[in-house]
Amino acid sequence: MNPTINYIISELDGIYSHEEAREMAFWVVEETTGLSRAAISARKDTQNISNIEIILKRLRKKEPIQYIFGHTLWYGLDLLVNTCTLIPRPETAELVDLILQTMPENEPLNVLDIGTGTGAIALALKSRRPNWSVSALDFSPSILSITAANAQRNGNLQLDLIQMDILENTHDNLDNIGKFDIVVSNPPYICESEKTSMESNVLDYEPASALFVPDDDPLLFYRRIASLKSGKHLFFEINSRFGLETAQLLRDFGYFDVNIYQDMYGKQRYVSGRIEI
């Protein structure tokens, strides 16, 4: 194998699993040399990477490689990320799949993504359904600037950006965002008490405001979004501990056809429902 790849793996083994270290090694060399994986594997050596020790130092501290290089590939998109935004997860790609499989393809639907962050969900839907009108909402102008940059970076996809804090705005103000065929959200849902079981690469680097909710109100965001009744079809990514509770919350607000779906790991991860608006 390429000696640079072997060196990076040897430096990261023990901190990460061997497979993770191998993936990171290829990612580092691909990013810093511009070579493809096939070209790297075929070479007996690789040009010197001047900042390799700085990169390795950051990786040994468990800094996500996506933040080190400032972007990540997800659902066919090349998304800019920084410490203001969550790194999109594979589970969230399954949420996009669920929406695409559930909703009619040829109808020009209106979609709202609440808590958009990088714009991952909104852009994935828009890229697969160009005839849909997609809006992306977040509380922070700096976050929405990344959403806008990602829209441009991925073929100048058209999104309507909305800056709003759904927890602080009144219902009257929230009503101004309009009504949608689909509302989707992957809001903060990890309880503060769950921090003890989380990896340092998440706790030390990813934004807490996008991750955590109080132990005494774990459905805070779901209650607020469901109460708006802004979308005929509502799709949530959820904490697997609260699948039944989230589904019941939707029913309490008048939603019907409420369903819970499992993710690739067999955990309750998504809830959907419908309502007349």
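Tutor: Helices (H or I, at least four residues) and strands (E, at least two) are DSSP runs, numbered from the N terminus. By that numbering, Asn-156 is in the loop between helix H8 (141-153) and strand E5 (160-163). This is a predicted model, in which local features need pLDDT of at least 70 and side-chain atom pairs count only at pLDDT 80 or more, while totals for chains, interfaces and linings use all residues. Residues are numbered from 1 along each chain as its sequence is written, and side-chain values use heavy atoms, with hydrogens and water left out.

Student: What is the phi of Asn-156?

Tutor: Asn-156 is not a glycine, yet has a positive phi of about 55°.

Student: Is Asn-156 buried, exposed or partly exposed, and what is its relative accessible area?

Tutor: Relative accessible area (1.4 Å probe, protein chains only) is read as buried under 20%, exposed over 50% and partly exposed in between. Asn-156 is partly exposed because its relative accessible area is 48%.

Student: Where does Asp-257 lie, and what is its phi?

Tutor: Asp-257 is a residue of strand E10 (residues 256-262). Its phi is also positive, near 50°, in a residue other than glycine. With a relative accessible area of 44%, Asp-257 is partly exposed.

Student: Which residues are in contact with Gln-158, leaving aside neighbours within four places in sequence?

Tutor: Contact means heavy atoms within 4.5 Å. Gln-158 sits in the loop between H8 and E5. Apart from neighbours within four places in sequence, its contacts are Lys-126 and Val-134.

Student: Where is the place of Asn-239, and which residues is it in contact with?

Tutor: Asn-239 is in the loop between E9 and helix H12 (243-252). Beyond neighbours within four places in sequence, Asn-239 is in contact with Tyr-189, Ile-190, Cys-191, Glu-194, Tyr-222, Gln-268 and Arg-269.

Student: Which residues is Ser-200 in contact with?

Tutor: Ser-200 belongs to helix H10 (residues 200-203) and counts as partly exposed at 27% relative accessibility. With neighbours within four places in sequence left aside, its contacts are Lys-62 and Tyr-205. The C-alpha atoms of Ser-200 and Tyr-222 are separated by 27 Å, and the two residues are 22 apart along the chain.

Student: At what angle do helix H1 and helix H4 pack?

Tutor: Axes are lines fitted to C-alpha atoms, for helices over the stretch in contact, and angles run from 0 to 180 degrees between N-to-C directions. Helix H1 (residues 3-12) packs with helix H4 (residues 52-60) at about 35°, and the axes are 10 Å apart. A crossing is right-handed if the near helix is turned clockwise from the far one by less than a right angle, left-handed if anticlockwise; that of H1 and H4 is right-handed.

Student: Which residues meet in H1 and H4?

Tutor: On the H1 side are Thr-4, Tyr-7, Ile-8, Glu-11 and Leu-12, meeting Ile-52, Glu-53, Leu-56, Leu-59 and Arg-60 in H4. By class, these are six nonpolar, one polar and three charged residues. Ala, Val, Leu, Ile, Met, Phe, Trp, Tyr, Cys and Pro count as nonpolar, Asp, Glu, Lys and Arg as charged, and the others, Gly among them, as polar.

Student: Which residues line the largest cavity?

Tutor: A cavity is a set of points on a 1 Å grid over the protein atoms alone where a 1.4 Å probe fits but cannot get out, and lining residues have an atom within 4 Å of a point. Points are joined across faces, edges and corners, and the volume is the space filled by probe spheres set on them. The count is one cavity of 30 Å³ or more, and the largest has a volume of about 40 Å³. Its lining is Ile-114, Val-183, Ile-225, Leu-228, Lys-229, Ser-230, Gly-231, Leu-234 and Tyr-255. Helix H11 (220-228) and strand E9 (231-237) are the elements that give two or more residues to this lining. Six lining residues are nonpolar, two polar and one charged.

Student: Where is the place of Ser-230?

Tutor: Ser-230 is in the loop between H11 and E9, and is buried at a relative accessible area of 7%.

Methods:
1 Å grid on protein atoms, 1.4 Å probe; cavity = no way out; pocket = protein on both sides within 12 Å on 5 of 7 lines; lining within 4 Å.
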